[in-house]
Amino acid sequence: MAELLEHRLKRLKMRSMRRGIKEMDIILTAYADHNLHDMDAAGLDLYEALLHENDQDLYQWVTGQVETPDPYGALIADIAQTFQK
């Protein structure tokens, strides 16, 4: 049985909030609040895959300390812009 969109969005938001490091909790929660409802299925799939990545790696990508690997480049750039809006 396919997961309802509403349930998927709630699950992804919770996974954004419950990270390993507080900095990523804050960054990803803000991003989820502003963007998840506007994402299509492919965007949600990519975001969900990103949530499986290690927090230390994510933090280095978002802050530009390390180059972001494919296929996350555009998504990480969008996440990094969340606090600059």
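Colleague: Which residue caps the N-terminal end of α4?

Modeller: This is a predicted model, in which local features need pLDDT of at least 70, side-chain atom pairs count only at pLDDT 80 or more, and totals for chains, interfaces and linings use all residues. Residues are numbered from 1 along each chain as its sequence is written, and side-chain values use heavy atoms, with hydrogens and water left out. Helix α4 covers residues 55-62 (a helix is a DSSP run of H or I, at least four residues, numbered from the N terminus). The backbone nitrogen of Q56 lies 2.7 Å from a side-chain oxygen, and the residue that supplies this oxygen is N54.

Colleague: Within what arc do the buried residues of α4 fall, seen down its axis?

Modeller: The buried residues of α4 are D55, L58, W61 and V62 (buried is under 20% relative accessible area, exposed over 50%, partly exposed in between, with a 1.4 Å probe and protein chains only). They line one face of the helix, because the directions from the axis to their C-beta atoms fall within an arc of 125°.

Colleague: Which elements are included in what covers the buried residues of α4?

Modeller: Cover is judged by contact, meaning heavy atoms within 4.5 Å. By that rule the covering parts include α2 (22-35), α3 (41-50) and α5 (73-80).

Colleague: Just after α4, which residue takes a positive phi?

Modeller: The angle is about 80°. The residue with this phi is G64.

Colleague: Where does R19, the salt-bridge partner of D55, lie?

Modeller: The closest N and O atoms of D55 and R19 are 2.6 Å apart, which counts as a salt bridge (a side-chain nitrogen of Lys or Arg within 4 Å of a carboxyl oxygen of Asp or Glu). D55 belongs to helix α4, so the pair ties together parts 36 residues apart in sequence. Both residues are buried. R19 is in the loop between α1 and α2.

Colleague: How many residues apart in sequence are the parts tied together by D33 and K13?

Modeller: D33 and K13 form a salt bridge, with their closest N and O atoms 2.6 Å apart. D33 lies in helix α2 and K13 in helix α1 (residues 5-17), so the pair links parts whose sequence separation is 20 residues.

Colleague: How many salt bridges does the structure hold?

Modeller: One of them joins the side chains of E3 and R11 at 2.9 Å, N to O. E3 is partly exposed at 40% relative accessibility, and R11 is partly exposed at 27%. Shared partners put E3, R8, R11, D45 and E48 into one network. The number of salt bridges in the structure is seven.

Colleague: Are the planes of W61 and Y72 stacked or edge-to-face?

Modeller: Rings of Phe, Tyr and Trp (its six-membered ring) pair if their centres lie within 6.5 Å; planes under 30 degrees apart are stacked, over 60 edge-to-face, and the rest tilted. Both W61 and Y72 are buried. Their ring centres are 6.0 Å apart and their planes at 25°, so the pair is stacked.

Colleague: Which element gives the most to the largest nonpolar core?

Modeller: A nonpolar core is a set of buried Ala, Val, Leu, Ile, Met, Phe, Trp, Tyr and Cys residues joined through side-chain atoms within 4.5 Å. Of the 21 residues in the largest one, L36, Y47, L50, I76 and I79 touch the most other members. Two or more residues come from each of α1, α2, α3, α4 and α5. With five residues, the element that gives the most is α2.

Terms used:
A polar contact is a pair of N or O atoms within 3.5 Å; within protein, one must be able to donate a hydrogen and the other to accept it, and residues adjacent in sequence count only if both atoms are side-chain atoms.
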